[in-house]
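Hi,

Here is the structure I promised to pass on.

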Amino acid sequence: MLQKKNFNASVLPVMRAFAGRLITRKDSVLVGLSGGPDSVCLLHFLQYLSKERHFALAAIHVNHGLRANAADQDEYFCEQLCRQLDIDFFSKHVDALKTAQQYDLSPEHGARKARYLAYQTVAKTWGATKLALGHHLDDQAETFLLNLLRGTKIQGLAGIPLRRPLCKGVEIVRPLLCIAREDVIRYIAQNKLTYVTDQTNFDDAYRRNWIRNTLLPLLEEKQPQIRQHLAQFAAGIAALTQK
């Protein structure tokens, strides 16, 4: 049960209004569930919203086969969470390294490719019209900086799209792009939810992790609103490039 009284009153209405622009009564929404705080927050919130807006809801967890027992534990956690919330659960096992070799990608991009192929398969099988992913405002800021450091055309500075096609008849939507990571953690705490932690998120060998753990905190010392500013800038570029 969503604890509306305890959650920041200025944030929850924003979440509801924002998601209402992306998901309608006629939708069948498949949630990408990793077990981390973002996807757990998203799943729990959409379950609450589905009762109000009357749309179908299910979850998919993709096991990339990269972290042995830890990956299996994450899958078990997601399955149990969906059982507790009475939400249909799908799991897919993929070979991220094989996919990386097949498409000549890095292991990280191979995992992403394999994950999205799994999303497509389950979305078509279940009859989804929307795939909801748990990216939030901080992810948007990180993506902006990541693309800037890599070198990109102006379209790359538009960051993570709010919505885009996954495959025929299925659209990716990101209902949490309106809130920050700290809001996600507050939601988790207020609703007494648990989640799993991927230890690779703390490895600064990955450039995104270095941006999250080192660069953004340094920028924040000079400009406390840097995350919001970068996300707003990305949204502005997205609006310009879509015209």
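Predicted model: local features only at pLDDT ≥ 70, side-chain atom pairs only at ≥ 80, totals over all residues.

Let's begin with helix α1, residues 12–22. Its buried residues are L12, M15, F18, A19 and L22. Viewed down the helix axis, they fall within an arc of 130 degrees, so they line one face of α1. A17 and R21, on the other side, are exposed. The buried residues are covered by elements including α2 (37–53), β5 (163–167) and α7 (181–190).

Next, the largest nonpolar core. It has 37 residues, and L43, F45 and L46 touch the most other members. Helix α2 gives the most to this core, 8 residues. If you skip neighbours within four places in sequence, L43 is in contact with V31, L33, L57, A59, L81, C82, L85 and I87. Another core lies apart from this one, with 18 residues, among them V94, A114, Y119 and L166.

Now the rings. The whole structure holds 3 aromatic pairs. One of them is F45 with Y48, a tilted pair at 6.2 Å centre to centre and 45 degrees between the planes; both residues are buried. Y116 and Y119 make an edge-to-face pair, at 5.3 Å and 75 degrees. These two tyrosines sit 3 residues apart in helix α5, about one turn. Y116 has 9% relative accessibility, so Y116 counts as buried.

What sits over the ring of Y116? The charged end of R112 does, 4.4 Å from the ring centre. Likewise, the charged end of K113 sits over the ring of Y103, at 4.7 Å from its centre.

Cheers

Methods:
Residues numbered from 1 in each chain as written. Heavy atoms only, no water. Buried < 20%, exposed > 50% of the residue type's maximum accessible area, 1.4 Å probe, protein only. Helix = DSSP H or I, 4+ residues; strand = E, 2+ residues; numbered from the N terminus. Arc of directions from axis to C-beta. Contact = heavy atoms within 4.5 Å. Core = buried A, V, L, I, M, F, W, Y, C linked by side-chain atoms within 4.5 Å. Phe/Tyr/Trp six-rings, centres within 6.5 Å; stacked < 30°, edge-to-face > 60°. Lys NZ or Arg CZ within 6 Å of the ring centre and 35° of its normal.
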